[in-house]
Amino acid sequence: MADIRGFRGFRYDLGQVGSLSDVVAPPYDVIDPALQKQLYDQSPYNAIRVELTKDEPGDDDLNNRYTRAAGTLRDWVASNALRQDTARAVYIYEQTFTAEGQEYTRRGFFARVRLEPFGQGKIYPHEQTMSGPKADRLKLYQATGFNVSPVFGLYPDRDGEVARVLEPFTLKGPPVVAKDHLGVTNKLWVVTDTHAISTLTGLMGPKPVYIADGHHRYETGVKYLEERKAAGEVADDEAAPNFTLMMLVGMTDPGLIILPTHRLFSGLTAVTSTELEALLGGHFDVVERTGTDAKAAWDHIQMDGSQAALGFGTVADGKWFVAKLRDPRVMTEAAPEQSDEWRGLGVSILHKLVVDRLVAPKLGTPSVKYVHLLKEVTDAVAAKECQLAVLVPPATMEHVEQIAGNGEKMPAKSTYFYPKLLTGMVYN
């Protein structure tokens, strides 16, 4: 059972801190040093000061960015810059944004969700995680005792029954609004209606929840709960550490889109289009050569609509071609322990077959950079920042549901749910 609850969130007092746009921040994993500085300069109350606090000279085990984040939160609460809501609520969160020239609106709601170890209930991961980010987020949680940023969860809502419960509350009063650094408009409505919250709890109970983003934060929550239990600090099943802050979105929401995650490979021997075609020829058919036109290659992949077509750009000669896997049965040998759904993903075909078996033995083991927009790919190729660029079709919601439901995890960087959820809309 997905056990969701209303909660008394902590929110900024805009009378004290000013515009909500000035105090929100994206999550830690998409913030580079330049954006970190920009957000620090924007406001002394910007969420960056707890989400990704700056390192300082002389930091040690007692004084460091995690202890500074905790001190900052304490100060904000003590000065009422952050105030805890008086009534339990769920918080409707809507984001309006443009992706590749088209406008979308995605709507969900913040709630507390009961933590459960993966494999022991109805909450499913879909991607592999890395130890470094988990250690970082755990230190922040240990220091602050706050869910600073939310986990992003998805649930089936084919009939729109959950969405219909929330819809009337978006019409009753104006939301608080923040526009972020990417131009995304973020809106928040507070729902304290006990009947609505009870109805949501009942509707969500039987539903599985698939984690779209925030796997590291979720696993950190489970670890933190284990630590607090071991220390005798969890009184019962209703104690706060049993829950984590989650933003929940229906899987059929029209604004729920998955962007592709293209690959830029470096550290390889220089390779031309003709040489790469020869390397791939045993397993792939070249279905289109587009010269120097990366967009034409991407258009072909989108028209094809399958996961088996990949676009290859060789930087040595600036050429592009689209190649399609000839026989999917080769993936059974390349990834025998995985399901057919997992083996059929474009990212699985790329990494298990193309990189591991065909490219690495001849050209060297590459390092990889991940980008999402075609312009990022073409800019990197023009600047010769890699030796090989690969355009990869995005996974779909069906892939997430099938593969996570199998108890499997998709390869790292299989999905990119755009836009990211902001930190600072509500804290738990």
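Strand E7 pairs with strand E10 (residues 209-213) in the antiparallel sense over three bridges, where two strands count as paired if DSSP finds at least two bridges between them, and the bridge partner of Leu154 in E10 is Tyr210. The structure is a predicted model, in which local features need pLDDT of at least 70 and side-chain atom pairs count only at pLDDT 80 or more, while totals for chains, interfaces and linings use all residues. Residues are numbered from 1 along each chain as its sequence is written, and side-chain values use heavy atoms, with hydrogens and water left out. Helices (H or I, at least four residues) and strands (E, at least two) are DSSP runs, numbered from the N terminus.

E7 also runs parallel to strand E11 (residues 243-250), to which five bridges join E7, and within this pairing Phe152 stands opposite Met247. Strand E7 (residues 151-155) is mostly covered, with five of its five residues buried, that is, under 20% relative accessible area, whereas exposed means over 50% and partly exposed lies in between (1.4 Å probe, protein chains only). Val151, Gly153 and Tyr155 point one way from E7, and Phe152 and Leu154 point the other way. In a regular strand the side chains alternate between the two faces of the sheet.

In helix H7 (residues 194-204), the buried residues are Ala196, Ile197, Leu200 and Met204. These residues lie on the same side of H7 because they cover an arc of only 100° around the axis, the arc being that of the directions from the helix axis to the C-beta atoms. The exposed residues Thr194 and His195 are carried on the face of H7 turned away from its buried side.
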